[in-house]
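The following note sets out points for a colleague who is examining the model alongside its sequence. Each point takes up one region or feature in turn.

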Amino acid sequence: MAYIIDGKKISSEIKEELKETVAQLKEDGVSACLAVIQVGNDPASSVYVGNKKKACAFIGIDSKSYELPEETTQEELLGLIDELNQDPAVDGILVQLPIPAHMDEKEVIHAISPAKDVDGFHPQSVGALSIGEEGFVSCTPAGIIQLLKRSNIEIEGKECVVVGRSNIVGKPMAMLLLRENGTVTICHSRTKDLREVCKRADILVAAIGKPRFFDDSYVKDGAVVIDVGIHRGEDGKLCGDVDYAKVVDKVSAITPVPGGVGPMTIAMLMNNCVEAAKRKR
Ligand code: NDP
């Protein structure tokens with residue numbers, strides 16, 4: 001029987017631990033503060049921002065919220081980021097993506113001070129990860145490492161196959177698995193014989209954004225399967241990149257959707273904010 005990796009439970013444990021850390025920091029006179037910027041009123045982004053603010057309130061992190069109108073200019077947004085970079089009371093800055101099409105996302109990401117880059121998207125953070133220096137790590141892949149470690153799944157020496165090479169999931173995921181001494185293969189849309197490569201995996205991370213793409217023919221007996229994808233089907237139900245029903249009897253452990261990787265992203269964002277506040281101390 002497969003072990004179902006419970007992301008809801010693990011993320012709650014992490015948030016409880018962070019709550020204690022924040023209380024201790026407060027006793028030492030150190031507070032933690034996250035600034036969240038949303039441009040426009042995309043309903044999905046509003047939900048994500050709301051969830052981040054709720055998590056901050058639960059843990060005891062102060063949150064500053066900036067809801068800017070759709071027609072905000074790039075200069076205005078960069079001006080606000082600059083102000084927040086200079087503000088010693090702000091530990092982390094998060095710009096909810098996507099931003100409106102008239103803005104330059106890359107320039108916005110580059111404008112956030114690496115010391116406050118709690119999303120881990122700044123090139124300096126990405127570079128630090130690849131050369132093993134201290135820096136913030138992208139939250140979803142960092143959360144996956146926590147899921148594995150807290151489920152006592154060993155990474156060292158394992159064949160790890162990451163399918164997807166985006167800057168926020170696939171690439172940092174591969175770097176983190178490598179840091180944990182896994183033997184890592186990265187696959188993408190041009191990979192030949194994807195099925196055969198996936199079947200070699202002891203740990204398979206599926207992050208391609210295609211509903212129920214990976215069935216049992218992609219999975220080795222006893223593998224660990226991490227499903228990053230999240231999709232809402234026509235029936236209104238959520239599913240991942242993995243065909244859970246077809247795969248679950250073949251694997252040793254698997255993350256469900258919902259309740260697997262999803263809840264970890266916010267927990268790791270909170271972790272990064274607390275780390276930023278600790279560094280200030
Ligand atoms: P992107 O669209 O940025 O990247 C998808 C990657 O998958 C690309 O590298 C692409 O290859 C590759 N790919 C696409 N189709 C195939 C295929 N048929 N075979 C092999 N590789 C393929 O997606 P993200 O990385 O941002 O997200 C991936 C999924 O994870 C999405 O479903 C997203 O919703 C979800 N997600 C979930 C999060 C969570 O908190 N649970 C957080 C972030 C994302 P190429 O580079 O060649 O185009």
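1. Strand β5, which spans residues 159-163, contains Val162. Helices (H or I, at least four residues) and strands (E, at least two) are DSSP runs numbered from the N terminus. The model is a predicted one, in which local features need pLDDT of at least 70 and side-chain atom pairs count only at pLDDT 80 or more, while totals for chains, interfaces and linings use all residues. Residues are numbered from 1 along each chain as its sequence is written, and side-chain values use heavy atoms, with hydrogens and water left out.

2. Is Val162 buried or exposed? Val162 counts as buried because its relative accessibility is 0%; the classes are buried under 20% relative accessible area, exposed over 50% and partly exposed in between, with a 1.4 Å probe and protein chains only. Leaving aside residues up to four places away in sequence, Val162 touches Gly170, Met173, Ala174, Leu177, Val184, Thr185, Ile186, Cys187 and Val205, where contact means heavy atoms within 4.5 Å. Between Val162 and Ala201 the C-alpha to C-alpha distance is 9.0 Å, and the two are 39 residues apart in sequence.

3. Strand β5 belongs to an open sheet of six strands with parallel pairing, ordered β1-β11-β8-β7-β5-β6. Its edge strands are β1 (3-4) and β6 (183-187), each of which pairs on one side only. Two strands pair if DSSP finds at least two bridges between them; β5 and β6 are joined over five bridges in the parallel sense. Cys160 has Val184 in β6 as its bridge partner.

4. Helix α7 (residues 170-179) lies across β5, β6 and β7 (203-206), and runs at about 170 degrees to β5. Such angles run from 0 to 180 degrees between N-to-C directions, with axes being lines fitted to C-alpha atoms, for helices over the stretch in contact.

5. A further open sheet consists of three strands in the order β3-β2-β4, with parallel pairing. Strands β3 (62-68) and β4 (92-95) are at the edges with a single partner strand each, so one side of each has no neighbour in the sheet. From one strand to the next, the twist averages 15 degrees. Strand β2 (residues 33-39) runs parallel to β4 and is joined to β4 by four bridges. Val36 stands opposite Leu94 in β4.

6. Rolling a probe the size of a water molecule over the atoms shows where empty space is left. On a 1 Å grid over the protein atoms alone, a cavity is a set of points where a 1.4 Å probe fits but cannot get out, and lining residues have an atom within 4 Å of a point. Grid points are joined across faces, edges and corners, and a volume is the space filled by probe spheres set on the points. The whole structure holds one cavity of 30 Å³ or more, and the volume of the largest cavity is about 70 Å³.

7. The lining of the largest cavity is made by Ile93, Leu94, Val95, Leu97, Val108, Ile109, Ile112, Asp117, Asp119 and Phe121. The elements giving two or more residues to this lining are β4 and α4 (105-111), and β4 supplies the largest share, three residues. By class, the lining has eight nonpolar, no polar and two charged residues; Ala, Val, Leu, Ile, Met, Phe, Trp, Tyr, Cys and Pro count as nonpolar, Asp, Glu, Lys and Arg as charged, and the others, Gly among them, as polar.

8. Most residues other than glycine have a negative phi, and most peptide bonds are trans. Leu97 and Pro98 are joined by a cis peptide bond with omega about 0 degrees, and Pro98 is in the loop between β4 and α4. The bond from Val257 to Pro258 is cis, with omega near 0 degrees; Pro258 is in the loop between β11 (253-254) and α10 (262-280).

9. Asn152, which is not a glycine, has a positive phi of about 55 degrees. Asn152 is in the loop between α6 (139-150) and β5, and counts as exposed at 74% relative accessibility. Asn181, not a glycine either, has a positive phi of about 70 degrees. Asn181 lies in the loop between α7 and β6, and is partly exposed with a relative accessible area of 46%.

Terms used: 1 Å grid on protein atoms, 1.4 Å probe; cavity = no way out; pocket = protein on both sides within 12 Å on 5 of 7 lines; lining within 4 Å.
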